[in-house]
Amino acid sequence: MFARQANILLVRMEIVLISLSKGICMHVEEHRKITGFSGNEIFCLSKLGYRPGQLCLGNNVVALGIMRGIGAGLSNLAGGEITEITQLVHEGRKNAYDRMLQEAQHYGGIGLAGVSFDIINHGGNLEFIAQGSTLHQRDADSDVLRFSTAASGQQLYCQLDSGFVPHSFVFGNVAYSIGVGGNIKGAFRGLKRGEVSEYTEIFDRTRHLTLLRIKKEARTVNANAVIGIETSIMPLLGAQEMMMIGTASSHPALSAYHDDPITCDMTNEELWNMVNLGYLPIQLVMGVSVYSLGLASGIATSLQSLAGGQIDGLTEVLYEAREKALRRIEEDAEKCGADEVVGVKTRVYDLGGGLVEFMVMGTAVKKIEGVTTRNSMLPPQAIIQDRETFIDSSQGGNVTISKAQVASASKTQRGPLSIIITIIIVVFYVFKMFFQHS
């Protein structure tokens, strides 16, 4: 009870601080008959005693600027996290989210569900958009905003029936680059067949930073879990950004994790099924491995490709890379005392130059006595996937996420390489001018 009241107080204070410190004074248009919830979501919400509320929006337009651009360029050379870009896009999203909260407070809902982010490039200026829809208690005119969540109406039903109580929408991000140093070391290391530790270290460190940041946000709202995590990787301002969004929540059986919230990237339907069987998520685990075919093996592979048939060298190195990434998430699962890792997903990125990255993600789970769902069955409306009724191919639509991610990862390599080429050209012209004058 105390935790619930404290969470309500935090939300109220957040709204006040937004208005005072940031000077936000957005004019809120009245559109009380517009909601972002679908028919299936509204059905599930009615089972929870909620009625759908208003669609709320918040936006913020930002630009990198000259000074930040210079700093980002230097960070890009060094490799690893590019803090200037990380902070800029984090602030842009946070301001958009805060303005959406302000609008939700105006409508007096008790919760804000289906919170999501979008980003639009306006001639170099980035617009961050946050949107979600308010929830109202049935037979109540208004209430105080108590929680926000990334979950849709259907997902919220699964979470609540699994015993999780939502506190706040949370997100974590990191912008990163391999850098010139990583490219030079990796280029020489890549001549030899096997794992390229310089690349593996950068990718592994920066991607785990995202997870640490989303857990930090969960601790600020006294949550012991972050569930429904969705991960995206995209090119942004000459770097790569990895972002995670999820819902900071609490579960009575996870009180031991108050200082180190559990993380879970299972879908909410998967989460319900695992809880129904007595399992709770413990940790989102990630394994990264960047491999090189090597110069000698590359030549041998090219010759084998001409002859046709099985390419032994390539088959073996790709198998090794997958195994190493899988071994790492298994080790992480053992460290946190989990019984097994479920929902494992593998992402393969062609980094160019004979380099391939394997990233595997999954959720480590543990059997806990006495844990189960409130109901023995989910209603069909909670698992039906809403069908898209508007298809737009004019902007290059129907591009699958996996293809976009592969293209995105390739640009990670081209960015630092272009910097190296630029430096070589500059040095060449400096020497040329020097010899002409001498």
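The chain has 11 helices and 13 strands, where helices (H or I, at least four residues) and strands (E, at least two) are DSSP runs numbered from the N terminus. This is a predicted model, in which local features need pLDDT of at least 70 and side-chain atom pairs count only at pLDDT 80 or more, while totals for chains, interfaces and linings use all residues. Residues are numbered from 1 along each chain as its sequence is written, and side-chain values use heavy atoms, with hydrogens and water left out. Of the 438 residues in the chain, 48% are buried, that is, under 20% relative accessible area with a 1.4 Å probe and protein chains only. Among contacts (heavy atoms within 4.5 Å) between residues at least 6 apart in sequence, 78% join residues at least 24 apart.

**Sheet**
- An open sheet of mixed pairing is formed by four strands in the order S1-S4-S3-S5; two strands pair if DSSP finds at least two bridges between them.
- Strands S1 (50–62) and S5 (147–148) stand at the edges with a single partner strand each, so one side of each is left without a neighbour in the sheet.
- S3 (residues 111–122) and S4 (residues 125–137) are antiparallel partners over 10 bridges, and Ser-116 has Gln-131 in S4 as its bridge partner.

**Helix H4**
- H4 (residues 83–107) has 25 residues and should span 36 Å at 1.5 Å a residue, which agrees with its end C-alpha atoms being 36 Å apart; the expected span is 1.5 Å times one less than the number of residues.
- Gly-108 follows H4 and has a positive phi, near 75 degrees.
- H4 lies across S1, S3, S4 and S5, running at about 145 degrees to S1; axes are lines fitted to C-alpha atoms, for helices over the stretch in contact, and angles run from 0 to 180 degrees between N-to-C directions.

**Nonpolar cores**
- A nonpolar core is a set of buried Ala, Val, Leu, Ile, Met, Phe, Trp, Tyr and Cys residues joined through side-chain atoms within 4.5 Å.
- The largest has 28 residues, of which Ile-85, Tyr-97, Met-100, Leu-112, Phe-117 and Phe-169 touch the most other members.
- S1, H4, S3, S4, S6 (165–177) and S9 each supply at least two residues of this core, and the largest share, nine residues, comes from H4.
- Another core, of 25 residues, lies apart from it and includes Tyr-176, Phe-203, Leu-355 and Met-359.

**Ser-249**
- Ser-249 is placed in strand S9 (residues 239–250) and counts as buried because its relative accessibility is 0%.
- A polar atom of the Ser-249 side chain lies 3.3 Å from the backbone oxygen of Thr-247.
- Beyond four places away in sequence, residues touched by Ser-249 include Phe-164, His-167, Asn-224 and Ile-227.

Key. Buried < 20%, exposed > 50% of the residue type's maximum accessible area, 1.4 Å probe, protein only. Polar contact = N/O pair within 3.5 Å; in protein donor to acceptor, adjacent residues only side chain to side chain.
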